[in-house]
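User: Could you take a close look at one part of this model, the sheet and the core packed against it, and explain each term as you go?

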Amino acid sequence: MMQNEQNARLLIKLDDIEPLIWRRVEVPLAMSLKGLHDVIQAVMLFEDYHLFEFEAGGRFYDVPDPAEDFGRKTYAAKNVRIRTLIDRGITTFAYTYDFGDNWRHTLIVEAVEDADPAYEYPRFLEGENRAPPEDVGGTFGFADFLEAMSKPRHPQHRELARWYGGRFEPGDISIDLINERIEKLARRRTLGKAGFAKSQNQQH
């Protein structure tokens, strides 16, 4: 009999910004850290333009690039599963996206639970406050951006509104868009699992 798939319920917090920007998700324990990167990109509405890195238990995980060797050992994020970290007793770890803007996130494993067969995973649960737009210039750049966008008479308001492509609503996380992006990942995963199961059956 197949064992029930298990999920980790994760709290994702963007460091060093007030009010807190956070998301809560459920992700399969069998998911790789590269898959988790895709989930974070989806729920934070980032565009995956830049490099990323996880730091967990003193080890670094990313997409290794021989040309970008910083003199420390990194592991391939696609080869490490969330279950591996949890089995090593790691319940809090870090994710950094875009080493220029340096968006550091803290990830906390809140629970490990059986998956509900009624849902496809990964799954977005809830969150608050919109994440910064790409290339806004880190925490200081984001603070300046928020101030200018909130004041129509600010000297940079029109320029930044044009750059961003419209109004920026700090309290609106665009739940519909997040769900659309997460559902795409979940659908891809479900189809991948079905294809794998089919290939296994053909071999027997």
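Leaving aside its neighbours within four places in sequence, Phe93 is in contact (heavy atoms within 4.5 Å) with Leu33, Leu36, Phe54, Glu55, Ala56, Leu85, His105, Thr106, Leu107 and Val109. This is a predicted model, in which local features need pLDDT of at least 70 and side-chain atom pairs count only at pLDDT 80 or more, while totals for chains, interfaces and linings use all residues. Residues are numbered from 1 along each chain as its sequence is written, and side-chain values use heavy atoms, with hydrogens and water left out.

Phe93 belongs to the largest nonpolar core, which has 48 residues, and together with Val27, Leu33, Leu36, Phe54 and Leu107 it touches the most other members. Such a core is a set of buried Ala, Val, Leu, Ile, Met, Phe, Trp, Tyr and Cys residues joined through side-chain atoms within 4.5 Å, where buried means under 20% relative accessible area, with a 1.4 Å probe and protein chains only. Helix α1 (residues 33-44) gives the most to this core, with seven residues; helices (H or I, at least four residues) and strands (E, at least two) are DSSP runs, numbered from the N terminus.

Turning to the sheet, eight strands form an open arrangement in the order β5-β4-β3-β6-β7-β1-β2-β8, with mixed pairing, and two strands count as paired if DSSP finds at least two bridges between them. The edge strands, β5 (74-76) and β8 (123-128), each pair on one side only. Within the sheet, β1 (residues 6-14) and β7 (residues 103-114) pair in the antiparallel sense over nine bridges, and Asn7 has Glu113 in β7 as its bridge partner. Helix α1 packs on the sheet, touching β1, β2 (21-28), β3, β4 (59-62), β6 (92-97), β7 and β8, and its direction makes about 140° with that of β2; axes here are lines fitted to C-alpha atoms, for helices over the stretch in contact, and angles run from 0 to 180 degrees between N-to-C directions.

A search of the whole structure finds 13 aromatic pairs. Rings of Phe, Tyr and Trp (its six-membered ring) pair if their centres lie within 6.5 Å, and planes under 30 degrees apart count as stacked, over 60 as edge-to-face and the rest as tilted. The rings of Phe54 and Tyr95 have centres 4.9 Å apart and planes at 50°, so this pair is tilted. Phe54 in strand β3 and Tyr95 in strand β6 are 41 residues apart, and their pair links distant parts of the chain. Phe54 counts as buried because its relative accessibility is 0%.

Definitions and conventions. Buried < 20%, exposed > 50% of the residue type's maximum accessible area, 1.4 Å probe, protein only.
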